[in-house]
Amino acid sequence: EAIGETLVDHFVDEKFQGIDAIYFDGLRPPQGSLPADLIEWRRLGKGEVATVDKPILFQKEPGDKIVIGDLRQGQLNDQWLTNAFAALTGTPELLDMLFVSSKYRSKGLYTVKLFKDGRWHYMHIDDRIPVDLSGQPIYLSGANPNEIWSMLLEKAYAKLHGCYEALAS
């Protein structure tokens, strides 16, 4: 609430952005990874991501039942995390509970609740995700390109661990 009430424009997460949010060392990305100058951060909510034209957190059926589609792993070697997220899709209401705030989503502010080291952590993130120069997401996405929960959850998890590279292997 404190963050959202002060927003005039879209939220920008100053603590998790740029190449430091991608790699441990931006000058030496892991072998096979995109170099820093080929990565941009673009907003999901403003239609800046090539595959996302009508972003929704979750796809829903009539009656507000959440329907989760398949996941597509990106360039990050985090199949273990993709599989963990896929396991959560069997209980969509639990997955939905990880996104604890919806009040400021129109301003690009999401609060995601994650459990680590015996306690819950509330990660405040914006809706900017890393993309290649064509605007394609470089990391996890859903089979339905407009369903953005997987990109945001992976981003929150990366922030909790310092950067996206920390999720590899």
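Student: Which residues are linked in a network of salt bridges?

Tutor: This is a predicted model, where local features need pLDDT of at least 70, side-chain atom pairs count only at pLDDT 80 or more, and totals for chains, interfaces and linings use all residues. Side-chain values use heavy atoms, without hydrogens and water, and residues are numbered from 1 along each chain as its sequence is written. A salt bridge here is a side-chain nitrogen of Lys or Arg within 4 Å of a carboxyl oxygen of Asp or Glu. The network links Asp126, Arg128 and Lys155.

Student: How many residues apart in sequence are the parts that Lys155 and Asp126 tie together?

Tutor: Lys155 and Asp126 form a salt bridge, with the closest N and O atoms 2.4 Å apart. Lys155 lies in helix α4 and Asp126 in strand β7, so the pair ties together parts that are 29 residues apart. Helices (H or I, at least four residues) and strands (E, at least two) are DSSP runs, numbered from the N terminus.

Student: Is Arg43 buried or exposed?

Tutor: Arg43 forms a salt bridge with Asp127, at 2.3 Å between the closest N and O atoms. Arg43 sits in strand β1, and Asp127 in the loop between β7 (119-126) and β8 (128-131), 84 residues apart. Buried means under 20% relative accessible area, exposed over 50%, partly exposed in between (1.4 Å probe, protein chains only). Like Asp127, Arg43 is buried.

Student: What is the relative accessible area of Asp13?

Tutor: The side chain of Asp13 meets that of Lys159 in a salt bridge (2.8 Å, N to O). Lys159 is buried, at 17%. Asp13 is buried too, and its relative accessible area is 3%.
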